[in-house]
Amino acid sequence: MASHSDTLVVFFGATAGANGGKLGSDEREIILLVWQIVDLHEKKVGKLHRCLVKPDSLERTDECKEETGLTVEDILKAEPLDTVLQQFQQSVSSEVKSLGRSSFTLCVDSPLVIRQALHPETSTKNLVLPECFFSFVDLKKDFQKCCPDATAAQQLTPASMLEYVGLPAVSEQSMGETEVSSMVQLTLHLLAEPYNHKFSCVETVKYKFDSGTCKTEPVDSETVIRARGLPWQSSDQDIARFFKGLSIAKGGVALCLNAQGRRNGEALVRFINSEHRDLALERHKHHMGSRYIEVYKATGEEFLKIAGGTSNEVAQFLSKENQVIIRMRGLPFTATSQEVLSFLGPESPVTDGAEGLLFVKYPDGRPTGDAFVLFSCEEYAQNALKKHKQILGKRYIELFRSTAAEVQQVLNRYMSAPLISTLPPSPIVPVPVMAQPYLPAASSSRDCVRLRGLPYTAGIEDILEFMGEHTVDIKPHGVHMVLNQQGRPSGDAFIQMRSPDKSFMVAQKCHKKTMKDRYVEVFQCSTEEMSIVLMGGTLNRSGLSPPPCKLPCLSPPTAYAFPTPPSMLSEAALYQSPLLAAPRPPQSMTHSPAHALAYYPPHPHMYMNMNMNYTAYYPSPPVSPSTMSYFAAPPGSMAAAVAAQPHPAVSASSVLPQPGALMRMQGLPYNTGVKDILSFFQGYQYAPEEYSGMVQMSHQARSLIQPKEWLCL
């Protein structure tokens, strides 16, 4: 530390790019180092040293060429950075020893040369910096203590400080030598009367990032940044290495997750103060490997939303300090602690055995297949990572590094997921149905368009903006997003227009227009083609392929589902809540001769976390994956009786008071087929011809449900 050091080493560096206040902001390499020793006790000055550094790239900016006056031949004769640093260490140690002193501290006119140039470059090149570069004195801040009326420290330069105290400016020297000579004069001036200054305020650079839990105390928004474009496998230590030279607060790296619980390439980073945050913003579009990282300002609220945790279970799990955290994903739901420990093996022992395991569960106690594991050292963690994609039971397991903030975020995400059974009761109300069918009838009229190649993040608002002036020609409820078998956006969508002429015009005007840096193909198609694709079929250059003989995971059918009987639909029925919960016991109601449509009125607490953002003006039809409605079944059906039959594996939702209804089944095994479902309902079946008076469907669609009539969404 400077308070105990006998000497100061006045130090200066320059890069092949921007220098001065922008030093290190363009990732250019160091090409010049200059230093000189000052004896604090004797107030003597040592020899001035100037060393050129050979960078990996000989490219230099015009500004650098003008300021340094160095030629390519000069740089080619120089030594690489690691050799120059060794020479610096040996030269300074030898000179300090010859003066009879025992220690020294670096003195710089700005922290940029240490924090933004030396540490990032040596970290990128995997070089080991001498210990002396982890502490330094900022001459500007010490000068401001002695001269509080001077300009702000960020605006001070060696020349302006000399002018302020009335010392003559140093001239007729090359770049680096001028700055070092000016700083030496200032140092000697501050040591003398009337200041008698002691250089005791030392800044330090952290050797290693301290991982840990984040407290829920308020976080200053001036200390938080958002990093975007990170490799998905990057850990908190990788991010701390990217910001090498800057001090990140303990547990100050929070990796962001997407809706599926996977990393989305973003992280929120909290620094110890606003000065370090401002220096981090200067690393915008610096590189991590081959990827450039975007750095933006963020707020304390955003950081706490991701990194904050209130779970006692998480706090207890993370209470052990200096542990390496590994996340396991894809575990069998029946996996036990002992099975996981056996899978990891004796070469990677878990800290405190089973207590070092944290299984992630839903609020009702069901396992999610995720777990976090603590290891006491890096060696054990590396041994565990070697088991990535090895088999446990009948499943391969993914292992990758994690952070304390990710543990909290994953636990918070799953534990905050609403339980359907705990939602407050919501009555089912009868709604008259409108004269025109609410779902489009199958037709060969080419009044639809298909959008192909949509960005996966595109929502309804993006499609409406893409359509532009043609938005007014979209039918109500005419935008249908196609999902893949995992329930994620497939990049396709169908739009129902008011007439074939309108759809033709849209296909002509919007084909290959750009949406979010991607061009989108727009084709004219018929309602029948749209309906079959939404049922799980395919529509490509080879023609139309019917859906497979199993119930699809894509958007369910429109024209081939249950059309609503004629009447008038109220405004509330048009805009139903996405992904509604299981139905409640219905209120008593009077039946009309026509079969009524039952629905849930919108309630904020019934909305789930969905990627799709269906607007109130253009929602998908009520049988799309984002909604759940119940339609009347034929009179005399035994459907209502089925709901009363308990089953240990599958829970079927209760049904409407009418004699029969469409039902939703939850908890089905992933490999369940149509035959399994029909076998489950054996004894409650009707022949397909009994639907002829109610269901309007084509021959292809009818073949999907023969010989049974149950459709389970």
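The following exercises, with worked solutions, concern selected residues of a predicted model.

**Exercise 1.** Determine where Glu-521 lies and whether Glu-521 counts as buried or exposed.

*Solution.* 
Step 1. The residue is assigned to an element: Glu-521 belongs to strand β23, which spans residues 518–525.
Step 2. The relative accessibility of Glu-521 is 17%.
Step 3. Buried means under 20% relative accessible area; Glu-521 therefore counts as buried.
Step 4. With residues up to four places away in sequence left out, Glu-521 touches Arg-450, Leu-451, Arg-452, His-511 and Lys-512.

**Exercise 2.** Locate Asp-517 and classify its backbone and its accessibility.

*Solution.* 
Step 1. Asp-517 is found in the loop between β22 (513–515) and β23.
Step 2. The phi of Asp-517 is positive, at about 70°, although the residue is not a glycine.
Step 3. The relative accessible area of Asp-517 is 77%. Exposed means over 50%, so Asp-517 is exposed.

**Exercise 3.** Carry out the corresponding analysis for Glu-27.

*Solution.* 
Step 1. The loop between β1 (7–15) and β2 (30–39) contains Glu-27.
Step 2. Glu-27, a residue other than glycine, has a positive phi near 65°.
Step 3. A relative accessible area of 38% falls between the 20% and 50% limits; Glu-27 is therefore partly exposed.

Definitions and conventions. Residues numbered from 1 in each chain as written. Predicted model: local features only at pLDDT ≥ 70, side-chain atom pairs only at ≥ 80, totals over all residues. Heavy atoms only, no water. Helix = DSSP H or I, 4+ residues; strand = E, 2+ residues; numbered from the N terminus. Buried < 20%, exposed > 50% of the residue type's maximum accessible area, 1.4 Å probe, protein only. Contact = heavy atoms within 4.5 Å.
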